[in-house]
Number of protein chains: 2
Amino acid sequence: MRIAFQGEPGAYSEAAALRFSDHADLLPCEAFEDVFAAVASGKATHGILPVENSIGGTIHRNYDLLLENDLPIVGEVTLPITHNLMALPGTSLKEVRRILSHPQALAQCERFLRGMSGVSVEATYDTAGSAKLVKEHKLTDAAAIASERAAKVFGLEILRAEIQDYSDNITRFLLISRTGETGDHVDKTSVVFSLPNEPGSLFKALSVFALRDIDLTKIESRPIRGRPWEYLFYVDIPIGRHDLRCARALVHLAEFARSMRTLGSYPSWKSRESAVARQGA
Amino acid sequence: MRIAFQGEPGAYSEAAALRFSDHADLLPCEAFEDVFAAVASGKATHGILPVENSIGGTIHRNYDLLLENDLPIVGEVTLPITHNLMALPGTSLKEVRRILSHPQALAQCERFLRGMSGVSVEATYDTAGSAKLVKEHKLTDAAAIASERAAKVFGLEILRAEIQDYSDNITRFLLISRTGETGDHVDKTSVVFSLPNEPGSLFKALSVFALRDIDLTKIESRPIRGRPWEYLFYVDIPIGRHDLRCARALVHLAEFARSMRTLGSYPSWKSRESAVARQGA
């Protein structure tokens, strides 16, 4: 198993990949597009993508890429995001004059950063990349904001732990592959569909699940670009596509939907976590 | 009318406030919390808040603040976001050694920034604040990423226009006030509710709208913090609360919902835009 991720070693996506499988080989990529390309070309068996965050919401860009590419979702991971301020061993907080990190991480630590005076804040392409920069250029007056793992990877010391503004900061990642998941533990399916622009069309669409007692674990509407008043719907259901109820519901949905695509059927993080716990026991 | 917004003069929130009413007085605030405080204390009659972006998704933080505070939504505005690189008149692109902006804007211009070599990228608290910094400190080697309006406000020249990675970058803003909207043009209502954790409960909840031929213009589920498997739902419907169908649907919804709150009933941006066009004609 070789998982492509966006970022440098020590990135949050890498931590999520290792949470999924701690034996996996890892392939750092510059952009999300490169993660898809690595999986499509066979350079990696899997790719990992952040799709939603508890503070910032759904990362529509990665849903767009899932729709543009034909690589099924085969798994999911949730990861609590904790940002840490780290520097070369020996550098104290008082000596820090520059703080480096990815723009999203800087935005999530705004309150902490406002409390630091006389410090310049510099944006980089990567949280872990910032830690790497501090290490490789021996920046004795600088600190990076990154994951605990990045501190380990680059031999930095954590000056302040958990500096993010909101403690309940969780990111959900999806794993993609070239072929769909066929294992026994498949218990979640992600579907994207669009509907005719008529009152009640969403209600009809959801009836295909409700009539079969299938709950929804996510539902989100999103305007379709360039087509005002038309929406895409992202829906997750807690049931695998090989379950007859799921198969029937999706055939039924196809009757109403203007377009429909199953992005994948896979083991939920909840079921995978318990499987991992069983293996460890 | 005095509208509080987060950021410096020239911020995108300010542009959205002026799009709503070009005669309004404007009150810059440091944080979103301060926008709510300014409206609650009467320092401003209205506040304006970004709530969703076509690339980045829903800004859950501002929905949290809408729920924590008791200030109704009284209007909405959508604003296309175009980022521009701007510098002091006379500074050429070649002379730029530092680029300053808010982390979110830097993240939305990542492709452009990767193409610039030998330039340091610095994060600030504000897009417009960066333009102000370039102006006030007479930074001849620096450029800011901000709105066209910020260039005008601070007398900067645009070196490159529309440098955002994705052209279809639109933000939706909501206006809040101390008292609800009672005008004739109220045609949109935003509701937040939670449901018992049972299969089909969302379907039942949506039936209150479908049975009355009321469409949904937004639906989004969001896990409730600290209560696994329970969800909040954000729903927008294209009908005012004083319409009998809306009133009946909400009473009906209250029968199923574990909790329910109407965040406000207001003129949609679509209807306001046509009203503004009529006044101008």
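Predicted model: local features only at pLDDT ≥ 70, side-chain atom pairs only at ≥ 80, totals over all residues.

A: The axes of helix α8 (residues 201-210) of chain B and helix α9 (residues 244-256) of chain B come within 8 Å and cross at roughly 165 degrees. Axes are lines fitted to C-alpha atoms, for helices over the stretch in contact, and angles run from 0 to 180 degrees between N-to-C directions. Helices (H or I, at least four residues) and strands (E, at least two) are DSSP runs, numbered from the N terminus.

Q: Is α8(B) roughly parallel or antiparallel to α9(B)?
A: That angle makes α8(B) roughly antiparallel to α9(B), a term for angles over 145 degrees.

Q: Which residues meet there?
A: From α8(B), S201(B), K204(B), A205(B), V208(B) and F209(B) meet A249(B), H252(B), L253(B) and F256(B) of α9(B). Contact means C-beta atoms, placed from the backbone, within 7 Å. The residues of this contact divide into six nonpolar, two polar and one charged. Ala, Val, Leu, Ile, Met, Phe, Trp, Tyr, Cys and Pro count as nonpolar, Asp, Glu, Lys and Arg as charged, and the others, Gly among them, as polar.

Q: New topic: how buried is helix α6 (residues 127-136) of chain B?
A: Seven of its 10 residues are buried, so α6(B) is largely enclosed by the rest of the structure. Buried means 20 or more other C-beta atoms within 10 Å of a residue's own.

Q: Which ones are buried?
A: T127(B), A128(B), G129(B), S130(B), A131(B), K132(B) and V134(B). They pack against several elements of chain B, including α1 (12-20), β9 (142-146) and α7 (148-154).

Q: What does A131(B) touch?
A: Beyond neighbours within four places in sequence, A131(B) contacts G10(B), M86(B), A144(B), A146(B), A150(B), A151(B), F154(B) and L156(B).

Q: What follows α6(B)?
A: K138(B), with a positive phi near 50 degrees.

Q: And how many residues are in contact between the chains?
A: 33 residues of chain A are in contact with 33 of chain B. On the chain A side, α8(A) gives the most, with five residues. That side divides into 15 nonpolar, 10 polar and eight charged.

Technical notes: Residues numbered from 1 in each chain as written. Chains lettered and ligands numbered in written order. Parallel < 35°, antiparallel > 145°, perpendicular 65-115°, else oblique. Contact = placed C-beta atoms within 7 Å. Buried ≥ 20, exposed ≤ 12 C-beta atoms within 10 Å, placed from the backbone.
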